[in-house]
Amino acid sequence: MRLFRKYEFHVSEARIEDYSFLENIHAQGFDRAWSVDELAATLAGKGTKCFVANIHGEGSKGPKGFVIIRTLAGQSEVLTIAIDKAFRKRGIARLLLEYVIRTLQADRVEQLFLEVSEHNVAALGLYKSLSFKQVSQRRAYYRIRPDNNQGMADQKGNALVMQLELR
Ligand SMILES: CC(C)(COP(=O)(O)OP(=O)(O)OC[C@H]1O[C@@H](n2cnc3c(N)ncnc32)[C@H](O)[C@@H]1OP(=O)(O)O)[C@@H](O)C(=O)NCCC(=O)NCCS
């Protein structure tokens, strides 16, 4: 059994001061890291929002996870989600996505989409636990990271397109 210090997290919209923390968290999760400028450019896009999870009530520095979504014409898409490595497996990603789902339902958005590598066990577990369903597949879409591919040579992995009905 793994024991963690008990934290409570709360979700809010990202502020510009958060961007350098988000850059760092993103770099921990993805081969192709986004710079602060790229994050800012993404967030300036139409219909785009970023929600962050902070430790509640404590003067801890910066968000521990974030999600970016884009909503256009009644449909929303998760552009990215990442959690600080030191704070994974504590329910932060679930908290962020449940917040997003409630917000989109209040806004009468009908569907939430995302793309995930077929090899991303953690993310697939997360999305399935929230009732996302696979609706299609894009072949040879991702380059598999060496630490994710359990010894396989560098090769392309498939992307699964997943959807959640929000009505
Ligand atoms: C995927 C990621 C966002 C999950 O964040 P997290 O805060 O650790 O996830 P949570 O603690 O909220 O877990 C929620 C559920 O996801 C699943 N899950 C999370 N991590 C898992 C793992 N390592 N293995 C299997 N299932 C996992 C479980 O179903 C879990 O529910 P449970 O705790 O009741 O078993 C995180 O691992 C991450 O930042 N990965 C790198 C970036 C990334 O891959 N983003 C997704 C791109 S599509």
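**Exercise 1. Find which residues of helix H3 are buried, and describe the span of this helix in the predicted model.**

*Solution.* Begin with the cut-off: a residue counts as buried when its relative accessible area is under 20%. In H3 of this predicted model, the residues Ile92, Ala93, Leu96, Leu97, Val100, Ile101 and Leu104 are buried. Next, consider the span of H3, which has 15 residues and reaches 21 Å from its first C-alpha to its last; this is close to the 21 Å expected at 1.5 Å a residue. Finally, look at what comes after the helix, where Arg108 follows H3 with a positive phi, near 60°.

**Exercise 2. Determine how helices H1 and H2 are oriented to each other, and which residues make their contact.**

*Solution.* Start from the axes: those of H1, residues 19-29, and H2, residues 36-43, come within 9 Å and cross at roughly 105°. Angles of 65 to 115 degrees count as roughly perpendicular, and H1 and H2 are therefore roughly perpendicular to each other. The contact is made on the H1 side by Tyr19, Ser20, Leu22 and Glu23, and on the H2 side by Val36, Leu39, Ala40 and Leu43.

**Exercise 3. Examine the salt bridge of Arg167 with Glu110, and state where the two residues lie and how accessible each of them is.**

*Solution.* The general idea is that side chains of opposite charge can pair when their charged atoms come close. For Arg167 and Glu110, the closest N and O atoms are 3.8 Å apart, and a salt bridge requires such atoms to be within 4 Å. The pair links distant parts of the chain, 57 residues apart: Arg167 lies in the segment after strand S7 (156-165), while Glu110 lies in the loop between helix H3 (92-106) and strand S5 (111-117). As for accessibility, Arg167 is exposed, with a relative accessible area of 71%, whereas Glu110 is partly exposed, at 35%.

Conventions
Residues numbered from 1 in each chain as written. Predicted model: local features only at pLDDT ≥ 70, side-chain atom pairs only at ≥ 80, totals over all residues. Heavy atoms only, no water. Axes fitted to C-alpha atoms, helices over the stretch in contact; angles between N-to-C directions. Helix = DSSP H or I, 4+ residues; strand = E, 2+ residues; numbered from the N terminus. Parallel < 35°, antiparallel > 145°, perpendicular 65-115°, else oblique. Contact = heavy atoms within 4.5 Å. Salt bridge = Lys/Arg side-chain N within 4 Å of Asp/Glu carboxyl O. Buried < 20%, exposed > 50% of the residue type's maximum accessible area, 1.4 Å probe, protein only. Expected span 1.5 Å × (residues − 1).
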